[in-house]
Amino acid sequence: MSGRTQFENELLESLNGIRSRMPAFTETIVFGGAGTVNTFEDFGDGWDENIKAPTGYKGKVMGVAIYGITETFNATTTPARVDVGNAADSDAYYVGGTIGLAAAATPAHPEGSFRDFIPGGSTFIVKGVAPTGGTPAGRSRCAVTIAWFEE
Amino acid sequence: MGRSEFERKLEDVLSAAVLGAQKGESFCVTYKLARKDHDAAWKAAVPMLIGYKAEIMSILRFDASEASDVAETLDIGVLDGDEDAYVDGAVVPIFAIGSSDRVAPIAGVAGYTAIPGTGAALVVTGTSAGTVGITSYAITIRFYK
């Protein structure tokens, strides 16, 4: 028994609804540019990185930025992109937008599409998908921004 | 639907407050530290903002280029002051290339201390008795008025 009025119940439901749409925090993870060894990510070869999600939070990929380009991307058959997924499905959470022919002077913010929330506490994979055709090329830094919501 | 003026006003106020928060009363910054070598103690300073209190929301270890052989401990505190004021001896487990960890404690965990808005820079200190291990850290801090 709650003893709440109908209004109080509606208000609580409304506030909880708003709260569930507000991220507890956002995080931008930069790949490449780390200093001692790896100063870029090589899309020509493709790359991936395992990342641990924080426990108790589910994540939504908000965007991907490609910048600090030191080798022009090509896209003879299919262009490069950055997906976010897991070991079973490499784009389970986010399908990256195509990077195209990005050169040093043209950093990219390709628009991808949300597929699902990253489960809290899981290990997810950020994957730089190589372009295909010709000689795949493209080196840059990559920033992935994720909004984490309380589960 | 039968709401009093007070109830309607309360809902308006709460909605406005939430919208205000969404529009930038608080924001997060993620500092990526250049790769750190666990064969020696290391320090990295990060700037803070005067007038904004802060909380450490996440400490992510990732992007290792060399596996480590022993666990490391991590402190975060005030540069040239109490250097473990906010995080004291958090354990970074032994790691392999391609692995990632979230290091506690962070905001929301019992015992965590919020950072006052003095603008004093933070210092992150890693201490290890190991001989190998190179990895990156991404520390996410929420600033709020």
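**Figure 1. Polar contacts across the interface of chain B and chain A.** In this predicted model, ten residue pairs, both members at pLDDT 80 or more, are in polar contact across the interface of chain B and chain A. A polar contact is a pair of N or O atoms within 3.5 Å; within protein, one must be able to donate a hydrogen and the other to accept it, and residues adjacent in sequence count only if both atoms are side-chain atoms. On the side of chain B that touches chain A, at least two residues are supplied by each of α1 (5-25), β1 (26-37), β3 (53-66), β6 (101-102) and β8 (134-144). These helices (H or I, at least four residues) and strands (E, at least two) are DSSP runs, numbered from the N terminus. The residues of this side comprise twelve nonpolar, nine polar and nine charged. Here Ala, Val, Leu, Ile, Met, Phe, Trp, Tyr, Cys and Pro count as nonpolar, Asp, Glu, Lys and Arg as charged, and the others, Gly among them, as polar.

Residues are numbered from 1 along each chain as its sequence is written, and chains are lettered from A and ligands numbered from 1 in the order in which they are written. Local features need pLDDT of at least 70, side-chain atom pairs count only at pLDDT 80 or more, and totals for chains, interfaces and linings use all residues, while side-chain values use heavy atoms, with hydrogens and water left out.

**Figure 2. Contact and buried area between the two chains.** Contact, defined as heavy atoms within 4.5 Å, involves 30 residues of chain B and 28 residues of chain A. Between them the chains bury about 2,500 Å², of which 58% is on carbon and sulfur atoms. In chain B, the most area is lost to chain A by B:Lys32, B:Arg35 and B:Arg102, which together account for 23% of what that side buries. Buried area is the accessible area (1.4 Å probe) that two parts lose on being put together, summed over both.

**Figure 3. The salt bridge between the chains.** One salt bridge is counted between chain B and chain A. It joins the side chains of B:Arg102 and A:Glu27, at 2.8 Å from N to O. A salt bridge is a side-chain nitrogen of Lys or Arg within 4 Å of a carboxyl oxygen of Asp or Glu. Over all chains, the structure holds ten salt bridges.

**Figure 4. Salt bridges within chain A.** A:Arg139 and A:Asp42 meet through their side chains in a salt bridge of 3.4 Å, N to O. A:Arg139 lies in strand β9 (residues 139-150) and A:Asp42 in strand β2 (residues 41-42) of chain A, so the pair ties together parts that are 97 residues apart in sequence. A:Arg139 is partly exposed, at 29% relative accessible area, whereas A:Asp42 is buried, at 17%. Buried means under 20% relative accessible area, exposed over 50%, and partly exposed in between (1.4 Å probe, protein chains only). A second salt bridge, at 2.8 Å from N to O, joins the side chains of A:Asp91 and A:Arg115. A:Asp91 is in the loop between β5 (81-85) and β6 (94-95) of chain A, and A:Arg115 is in the loop between β7 (113-114) and β8 (123-129) of chain A, so this pair ties together parts that are 24 residues apart in sequence.

**Figure 5. A salt bridge within chain B.** In the salt bridge of B:Arg142 with B:Glu55, the closest N and O atoms are 3.1 Å apart. The pair links distant parts of the chain, with B:Arg142 in strand β8 and B:Glu55 in strand β3 of chain B, 87 residues apart. Both B:Arg142 and B:Glu55 are buried.

**Figure 6. The surroundings of B:Leu74.** B:Leu74 is found in strand β4 (residues 72-78) of chain B and is buried at 0% relative accessibility. Leaving aside neighbours within four places in sequence, the residues in contact with B:Leu74 include B:Trp42, B:Ile59, B:Val87, B:Val103 and B:Tyr137.

Figure 7. B:Asp63, although not a glycine, has a positive phi of about 60°. B:Asp63 is found in strand β3 of chain B and is buried, with a relative accessible area of 2%. B:Asp80, also a residue other than glycine, has a positive phi near 60°. B:Asp80 lies in the loop between β4 and β5 (87-92) of chain B and is exposed, with a relative accessible area of 73%.
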